[in-house]
Amino acid sequence: MKKLFGLLLTTSFLVSPASAEVLKAVNINGTQRLENTTIMSYLNLRNGQNITLSDLDTATKTLFATGLFSDVDVRMRNGTLLINVEENPIVHDVYFEGNDKLDDDVLKTEIMLKPRTVYTQSKAQNDADRLLDVYKRNGRFGATVTPKIIKRDQNRVDVVFEIDEGAKTLVQKINFIGNERYSSDDLKDVMITKENAWYRFFTSTDTYDPDRLNYDQEMLRRFYLKHGYVDFEIKNAVAELLPDKSGFVLTIEIEEGPKYRFAQPEIRVSLPEYMSKNKTDLTDCFEFEEGETFNSELVDKTIENLTDEFSDAGYAFAEVTPEFFKDEKNKTVRVVFKIKEGSKVFVNKINIHGNSRTQDKVIRREFRIKEGDAFNAAKLRRSRQKVEDLDYFDKVDFKTVPVYGDPSKTDIDVQVSEKSTGAFNVGVGWSSYDGLLFEVGVVERNILGTGNIVNVNAMISQRETQYIAGVTNPYFMDLPLLAGVELFKTTRDNSDYSSYSYDSIGGSIRFGWNYTDRLRQTVRYTLRQDDVTDIDDDASVYIKQQEGDTLVSMIGQELAYDRRDSRINPTEGYYLSLGTDFAGLGGDTKFIRVNVTGIQYFPLTDDVVLSVRGDAGEVWGIGGRDVRINNRYFLGDASLRGFEYGGVGARDRYTDDSLGGNWYATASTELVFPVGLPRELGIKGKVFSDAGFIGKPDGYDAAMMEYENTLRVSVGTGILWQSPMGMINLDFAVPVMKETGDKTQVFRLNFGKGF
């Protein structure tokens, strides 16, 4: 600036405002790469023009603004325009020194200086600042970046960024203030940011990222709105760097507010033509019912249903707007869906950026709005949620950009930030029946960016060894159709209760699709080789008859309806499923099997949940064939606490071997409640009661078998602990209704999978 100011003072003596000079010639000095015509092309000056001080000032600023010059001197002398320039050097190459944690290829994508571009000091400093931001996003807030140059011939330079990466700055602690309804552990599960732990060496979620923290706040807001807390508010979110710079402590202050339920919803349509022609019951579009806990996601799905309904009826621009009316006294929210004709705007282009790995189509198929469709804000919100639910990206940002010159069109720009989608899982566990178990597995949820899931898993316990490998395509043939293939091998030692071992090897294919967001259909085909082997010499004759291998060729299906508020930690709602199998498409085994399950959750308070569950199943041999022992039902352990696995049902009168049954029915009631310990420990108590029947096996002979078709009942208490090693389930159960010969099990412990 001083140089430019001095230049202006100098030129003020050469060209006075009162008397301009006529431009007769131009003399340019100092160029090395640029042609004189190139320099003059930037200036709006020509021969014969009267040149004033203002013209010289403008010319100087114009040449500096090109970024091509480090120095510019423009003046008039005796009708000659004198231009002296010093060109900025050209970048020959860019190097990084000291970067061990981030590859050169990653850093190069972040900088503006490239080979054959013009070098300026300001550009180098801006690039250094960008690199610092990259290191901060990777949790290295102590990093330093210093740009330097190495001069080469022909006014070229090499740019070297000297990097000190510093130690990784991790999130050491996440604190919540004001959370009463949900424990800190519950809220931490909602967040992408995680606390530093030794087992998180495969992920970067425990590094501090301000953008990620902002996204976590949005995730917390959605979580509370999904569970009925309409007044939820984040009062403050602070990240404090520890004095020794070893990590951050995040403190999030929230105000939960009371829990609300849905009042009777209402639809108001301002489209007279539609109302006169259509008699459709629009209440079928509702995804919620009066009395259910308020859930913002169900409101969004209802908007989408209504939008689709009107679109199908020819109203492509119908606009569905929800209005919310809170009743603070009764803690209800009445949602009024107002439907009117919206502005006629179409989607021009959908542009996706940042997906260096994930294929475009994997993202686009989650959109509920396509290029050429009528623009709809509700569908756009739903599209964003669907992309976020893929869990492939740290951040997802949607923006609408008007098309210049055409107000009837808009572009949608999508910016994503990829994250790791692979996981290596190692787990240990122990159960009263299987004993010590060890499990190891690898899963990639987005193999080669295709959205396909590949998993390989091995589990070894004292009684069972299992190997599974599978591939799942959630959009088979680019349709909303899940397709999967799985190979498996299982070896099971059943000698403790039935004096034999069981081997199975085979594979299955399955297809699944949704009729609605809550109703899902799955069909499958399984081909496996079963082998009943290692039968004890003193085993039951009914088991010795089963010895040998058989080929099972089976088709099956499952229809499931899910109205739970959460699949992982449900507190209200219900789940119903119906499964059927038919074995007999070739093979040696022929049977039909039907299974039904139903479970209902009742939130008695915010922390106390009552659940009622019922299960039943029956299998029939067809073609005069008996059902083999490995296809029968065995009752006990998890299915009927208080009894051993196979501890209830028909037994050989002389060998005491459990023979299973061709049908069963169980019912369970369980109450889960806090135990007074700090909520962040994740420990809850429970009391329960189980009841069940099991039927006779094929070939029943009262002279050889002991069987009582009576109800068995147990009661018990236990502990649930969401521990760092996974869920630990401890049960103490006592049979209160049993028969002579039943095998009981008072203590039951399961834990595993998850470090």
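Tutor: pLDDT is the predictor's confidence in each residue, on a scale from 0 to 100. The model shown here is predicted, and that scale is the place to begin.

Student: What is the mean pLDDT of the protein chain?

Tutor: The mean is 86, and 93% of the residues reach 70 or more. Over residues 1-5, however, pLDDT stays under 50, and for this stretch the model has three contacts beyond four places in sequence. Residues 7-18 also have pLDDT below 50, with 23 contacts in the model beyond near neighbours in sequence.

Student: How should coordinates be read where pLDDT is low?

Tutor: They should not be read in detail.

Student: How many helices and strands does the protein chain have?

Tutor: There are 13 helices and 38 strands. The radius of gyration is 36 Å, well over the 27 Å that the globule rule gives for 755 residues, so the chain is more spread out than a compact globule. The C-alpha trace spans about 130 × 70 × 55 Å along its principal axes.

Student: What share of the residues counts as buried?

Tutor: Of the 755 residues, 44% do. The chain exposes about 37600 Å², and carbon and sulfur atoms supply 53% of that area. For contacts with a separation of 6 or more, 59% are between residues 24 or more positions apart.

Student: Which residues make the nonpolar surface patch?

Tutor: The patch is made by Val715, Phe732, Val734, Val736, Met737, Val746 and Phe747, and covers about 580 Å². Strand E36, residues 726-737, gives the most to it, with four residues. Valine 734 is found in strand E36.

Student: Now the charged side chains. How many salt bridges are there?

Tutor: In general, side chains of opposite charge can pair when their charged atoms come close. The count for this model comes to 45 salt bridges. One of them joins the side chains of arginine 563 and glutamate 292, at 2.7 Å from N to O.

Student: Where do arginine 563 and glutamate 292 lie?

Tutor: Arginine 563 lies in the loop between strand E26 (548-562) and strand E27 (573-583), and glutamate 292 in the loop between helix H8 (272-277) and helix H9 (296-312), so the pair ties together parts that are 271 residues apart in sequence. Arginine 563 has a relative accessible area of 11%, so it is buried.

Student: Which parts of the chain does the pair of arginine 382 and glutamate 304 link?

Tutor: These two side chains meet in a salt bridge of 3.3 Å, N to O. Arginine 382 is in helix H11 (residues 377-389) and glutamate 304 in helix H9, 78 residues apart. Arginine 382 is buried at 7% relative accessibility, and glutamate 304 is buried at 11%.

Student: How far apart are the closest N and O atoms of arginine 641 and glutamate 670?

Tutor: They are 2.9 Å apart, and the two residues form a salt bridge. Arginine 641 lies in the loop between strand E29 (609-621) and strand E30 (642-643), while glutamate 670 is in strand E32 (residues 663-674), so the pair ties together parts that are 29 residues apart in sequence.

Student: Are arginine 641 and glutamate 670 buried or exposed?

Tutor: Both arginine 641 and glutamate 670 are buried.

Student: Which residues are linked in a network of salt bridges?

Tutor: Glu218, Arg221, Arg222, Arg384 and Glu388 are.

Student: What does arginine 130 touch, not counting residues up to four places away in sequence?

Tutor: Arginine 130 touches Glu110 and Met112 on that count. Arginine 130 is found in helix H5, residues 121-137, and is partly exposed, with a relative accessible area of 31%. Its C-alpha is 9.6 Å from that of valine 145, a residue 15 positions away in sequence.

Student: Where is arginine 364?

Tutor: Arginine 364 is in helix H10, residues 360-364. With a relative accessible area of 28%, arginine 364 is partly exposed. Leaving aside neighbours within four places in sequence, arginine 364 is in contact with Ile350, Ile352, Lys370 and Glu371. Asparagine 351 is 13 residues from arginine 364 in sequence and 9.7 Å from it in space, C-alpha to C-alpha.

Conventions. Residues are numbered from 1 along each chain as its sequence is written. This is a predicted model: local features need pLDDT of at least 70, side-chain atom pairs count only at pLDDT 80 or more; totals for chains, interfaces and linings use all residues. Side-chain values use heavy atoms; hydrogens and water are left out. Patches are made of residues with over 30% relative accessible area and no salt bridge: like charges are joined within 9 Å, nonpolar side chains (Val, Leu, Ile, Met, Phe, Trp, Tyr) within 5 Å. Accessible areas come from the Shrake-Rupley method with a 1.4 Å probe; for residues, only the protein chains shown count as cover. A salt bridge is a side-chain nitrogen of Lys or Arg within 4 Å of a carboxyl oxygen of Asp or Glu. Helices (H or I, at least four residues) and strands (E, at least two) are DSSP runs, numbered from the N terminus. The radius of gyration is taken over C-alpha atoms; the globule rule is 2.2 Å times the number of residues to the power 0.38. Buried means under 20% relative accessible area, exposed over 50%, partly exposed in between (1.4 Å probe, protein chains only). Contact means heavy atoms within 4.5 Å.
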